[in-house]
Amino acid sequence: MKKILLTVAMLAVAVAAGAQNKDQLLSSIEKAEEATLNEKKAASPNTWIKYGDALTKAYLSLYGDARTGWDLITVSLYDGKRPLSEEQVEINGRPFLVQHFEFRDFYINSDQLLEAVIITQPISDENLLVQAREAYLKAAEVDAKGSKTKAITEKLLAVEERLVENATSYYAIGQYDEAAELFEASVLCRDNDVVNSIDSVMVSNTALTYNLAGNMPKAKEYYKKCVEIGYDTNGENSSALADILTKEGDIDGAKACLNAAFQKYPSSQAVLVALINLYIESGDDPQKVLDLIKAAQANEPDNATLVYAEGNVYNSMNQPEKAIELYYKAFEIDPTYVYGIYAVGNTYFEMAVDVQDEMDKLDLSDVEGYEKLLKEFEDDLMSSVEPLEKAFAMAEDQDVKIAAASALKQIYFRFRDKDPKYAEGYKKYNDFLAAAGITE
């Protein structure tokens with residue numbers, strides 16, 4: 001019991017020491033900030049540099065000595081602190097060991113590497129690194145002779161490095177809002193009159209993370225910037241920008257964006273597939289889409305998705321037989337491509353529905369016509385069974401399983417009195433749908 005009490009007492013001392021250190025950091029920042037409020041002192045770049053240094057020092061003190069990417073042994077050698085507690089968590093399907101310290105958390109991945117460091121108890125509501133960046137830029141502004149330009153540049157790049165590391169940490173744990181803001185903050189460490197350069201990768205990272213965070217205006221701004229500075233990663237950023245424009249309803253803008261990218265990157269699958277999808281969704285001339293698909297297939301003849309897309313075009317042109325041929329081909333190319341085989345079954349099922357609509361329009365006296373259409377209707381339904389069964393069996397996507405089961409339930413209900421196996425099939429899919437919460 002004495003040993004336990006001693007441990008608790010030591011922990012209390014450690015927490016008190018940490019709090020005292022935090023107070024000292026705040027005091028240093030306040031003292032440096034006071035100098036910037038003095039008109040005479042504020043005219044000197046050294047005053048602002050010292051303020052920036054105080055802010056940076058405070059951030060580094062809270063962050064600690066460990067760096068992301070280090071293994072646990074290296075972390076313990078350089079950081080040397082013991083965590084207050086640990087826990088196992090899962091983030092976006094990935095396991096992490098989280099070590100909780102007084103002011104920060106370490107996220108250690110399954111490879112035993114430190115992937116994220118998150119400050120949990122900042123000493124200010126404002127980001128210390130962003131404040132430091134602004135202090136250094138102010139130093140450059142009052143440095144009339146430019147004597148401090150080299151030193152300020154080095155300090156800005158050091159802040160940039162830490163902002164990127166911080167942004168990457170938040171990205172690793174799925175906190176995209178924070179990651180995006182930090183990537184954007186890092187861009188401004190270079191994109192200024194002092195350093196006067198642009199890190200195109202960080203501009204792209206900013207666009208991506210804002211997109212993941214659902215901030216479309218910001219994502220659009222930075223995707224446009226990527227295209228403007230010529231950093232389009234083989235058209236992928238143009239494709240992402242076009243997707244945002246499409247969601248905004250600017251179809252013409254999206255087409256212009258993708259066509260411009262296509263001129264620069266004619267072999268880019270990202271651009272081609274985006275163009276194909278856009279033309280299909282906008283109901284444009286099907287031949288334009290087919291030409292684009294053929295260009296894409298020339299680059300990747302064994303791409304099942306492109307063959308499937310070609311099938312969709314023929315389906316939209318009311319040529320279901322040709323569509324089915326292509327859907328089967330897509331499945332032959334990639335036997336794991338469930339959408340190909342599902343599309344076969346679904347197209348037959350939709351053909352049956354169309355025939356039923358024709359039957360409903362027949363005159364009641366047209367018995368011969370009715371019998372002819374009835375046979376066609378039932379043949380289409382039976383043709384859909386095997387591919388739908390196959391799709392249901394192999395699908396991992398719950399939506400695909402539900403769609404296949406819904407069609408099969410209706411088919412087996414239709415034929416339930418003809419053979420016990422159909423009655424069993426009806427029960428199987430009815431039970432599955434009920435368990436999935438589908439009661440129709």
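In which helix does Gln 297 lie?

View 1. Gln 297 lies in helix H13 (residues 286-299), where helices are DSSP runs of H or I with at least four residues, strands are runs of E with at least two, and both are numbered from the N terminus. At 13% relative accessibility Gln 297 counts as buried, a term that means under 20% relative accessible area, with exposed meaning over 50% and partly exposed in between (1.4 Å probe, protein chains only). Its side chain is joined to that of Glu 310 by a polar contact of 3.0 Å, that is, a pair of N or O atoms within 3.5 Å, of which, within protein, one must be able to donate a hydrogen and the other to accept it, while residues adjacent in sequence count only if both atoms are side-chain atoms. Apart from neighbours within four places in sequence, Gln 297 is in contact (heavy atoms within 4.5 Å) with Leu 306, Val 307 and Glu 310. The model is a predicted one, in which local features need pLDDT of at least 70 and side-chain atom pairs count only at pLDDT 80 or more, whereas totals for chains, interfaces and linings use all residues. Residues are numbered from 1 along each chain as its sequence is written, and side-chain values use heavy atoms, with hydrogens and water left out.

**View 2. The aromatic pair of Tyr 337 and Tyr 339.** Rings of Phe, Tyr and Trp (its six-membered ring) pair if their centres lie within 6.5 Å, with planes under 30 degrees apart counted as stacked, over 60 as edge-to-face and the rest as tilted; by this rule there are 16 aromatic pairs. The ring centres of Tyr 337 and Tyr 339 are 5.7 Å apart and the planes stand at 65°, so this pair is edge-to-face. Tyr 337 is buried, at 13% relative accessibility, whereas Tyr 339, at 34%, is partly exposed.

View 3. Phe 413 and Tyr 426 form a tilted aromatic pair, with 5.4 Å from centre to centre and 50° between the planes. This pair links distant parts of the chain, since Phe 413 belongs to helix H18 (residues 398-414) and Tyr 426 to helix H19 (residues 420-435), 13 residues apart. Phe 413 is partly exposed at 39% relative accessibility, and Tyr 426 is partly exposed at 25%. The charged end of Arg 416 sits over the ring of Phe 413, 3.7 Å from its centre, the criterion being NZ of Lys or CZ of Arg within 6 Å of the ring centre and within 35 degrees of the ring normal.
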